[in-house]
Amino acid sequence: MWHFVSDQISQQLNQEFICDDIREISEGDSHSAFRITDGKKRFFVKLNDEDKIANFSAEAEGLTHLANANEFKVPKVICSGICENKSYLVLEYLRLGEGSEQTWFDFGSKLANMHQNQTQNMYGWQEDNFIGLTPQPNRWAKKWPQFFAEQRIGYLLQLLAEKGHVIAAIDNVVVSVEKLLQGHNPKASMLHGDLWIGNTGFQHDTPVIFDPAFYYGDRETDIAMTELFNKFPAAFYQGYNETWPLSKQYDFRKPVYQLYHILNHALLFGGNYLQTATSLLKNMQG
């Protein structure tokens, strides 16, 4: 397999690459990850079952669009495909470090610039993709409350129900979410979509983002995710708000935006996430 992957990399680079050092590294819960090198060039390779090629194709698409925004360092996509019943994605290898107060401030400022300047007229994306291993529908919509209620919260509740976890009446929740977001028509901003701290890093002083769940929507959803698991440093929020201040109503909408990710974790991991999601839904519906 690695000989085949080396050939594919060679074709993309238009120069010979033969990996002679393959090291598995611990990265996330969704895929196996490796660092490969020929002693000069290094690449980051994700592997999974053959049927996960759609996940890798969607990830490559999202990374390419984020890179085109020219705000963050984003791993360059080299190639992807299927070999020996395995799907693979080859990316530029980046050595990442921790950020300083200044670099986290810059991160926030760059994210605000991306949200403000990279926009669409409608919410969604030209293709469905994934958040982690979970399918993420992105049908274009003109109304944000309807898009988020149906294609985010309602959809995940349906997936949970199909797994035997009926934690709320789906139609009632969709109506409640639409009411909660009623009248809120934000810019359809370019979003990372899964912006927790594990999907970030710094190459020297340059902010890096990866593993997107890309679409266009309310910028507040990205910010809400940064506050859910391992909240970003305070300097990040200072940089963001100095560039494009958040609305005073953000804190009102934050719980329902975070609910999406909690429902996804409930779907993937069950356990306490199911209990948390059930509690949040009860509180949201009064």
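A polar contact is taken here as a pair of N or O atoms within 3.5 Å; within protein, one atom must be able to donate a hydrogen and the other to accept it, and residues adjacent in sequence count only if both atoms are side-chain atoms. The structure is a predicted model, in which local features need pLDDT of at least 70 and side-chain atom pairs count only at pLDDT 80 or more, while totals for chains, interfaces and linings use all residues. Residues are numbered from 1 along each chain as its sequence is written, and side-chain values use heavy atoms, with hydrogens and water left out.

Helices (H or I, at least four residues) and strands (E, at least two) are DSSP runs numbered from the N terminus, and two strands are said to pair if DSSP finds at least two bridges between them.

Phe44 stands opposite Leu91 of β5. Strand β4 (residues 77–83) is joined to strand β5 (residues 86–92) by 6 bridges, and these two strands also run antiparallel. The bridge partner of Val77 in β5 is Leu91. β4 and β5 form a hairpin with 2 residues between them, and Glu84 in the turn has a positive phi of about 50°.

Thr64 belongs to helix α2 (residues 53–68). The side chain of Thr64 reaches the backbone oxygen of Ala60 at 2.9 Å. With a relative accessible area of 37%, Thr64 is partly exposed; buried means under 20% relative accessible area, exposed over 50%, and partly exposed in between (1.4 Å probe, protein chains only). The C-alpha atoms of Thr64 and Lys143 are separated by 26 Å, the two residues being 79 apart along the chain.

His31 is found in the loop between β1 (21–25) and β2 (32–37). This residue is buried, its relative accessible area being 15%. The side chains of His31 and Asn48 are joined by a polar contact of 2.8 Å. When residues up to four places away in sequence are not counted, His31 touches Lys46, Leu47, Asn48, Phe56 and Leu133.

A further open sheet contains 3 strands in the order β6-β9-β12, with antiparallel pairing. β6 (119–120) and β12 (215–217) stand at its edges with a single partner strand each, so one side of each is left without a neighbour in the sheet. Strand β9 (residues 188–191) is joined to β6 by 2 bridges, and the two run antiparallel. Gln120 has Ala188 of β9 as its bridge partner. Helix α3 (residues 101–117) packs on this sheet, touching β6 and β9, and its direction makes about 135° with that of β9.

Asn138 lies in the loop between β8 (134–136) and α4 (144–162). Asn138 is buried, with a relative accessible area of 0%. Its side chain reaches the backbone oxygen of Gln136 at 3.4 Å. The C-alpha atoms of Asn138 and Asp128 are separated by 5.0 Å, although the residues are 10 apart along the chain. Leaving aside neighbours within four places in sequence, the contacts of Asn138 include Trp125, Asp128, Phe147, Arg152 and Tyr215.

Grid points are joined across faces, edges and corners, and a volume is the space filled by probe spheres set on the points. The count comes to 1 cavity of 30 Å³ or more. The largest cavity holds about 40 Å³ of space. Its lining includes Gly193, Asp194, Tyr215, Asp222 and His261. α6 (219–226) and α8 (250–269) each supply at least two residues of this lining, and the largest share, 3 residues, comes from α6.

Note on methods
Contact = heavy atoms within 4.5 Å. Axes fitted to C-alpha atoms, helices over the stretch in contact; angles between N-to-C directions. 1 Å grid on protein atoms, 1.4 Å probe; cavity = no way out; pocket = protein on both sides within 12 Å on 5 of 7 lines; lining within 4 Å.
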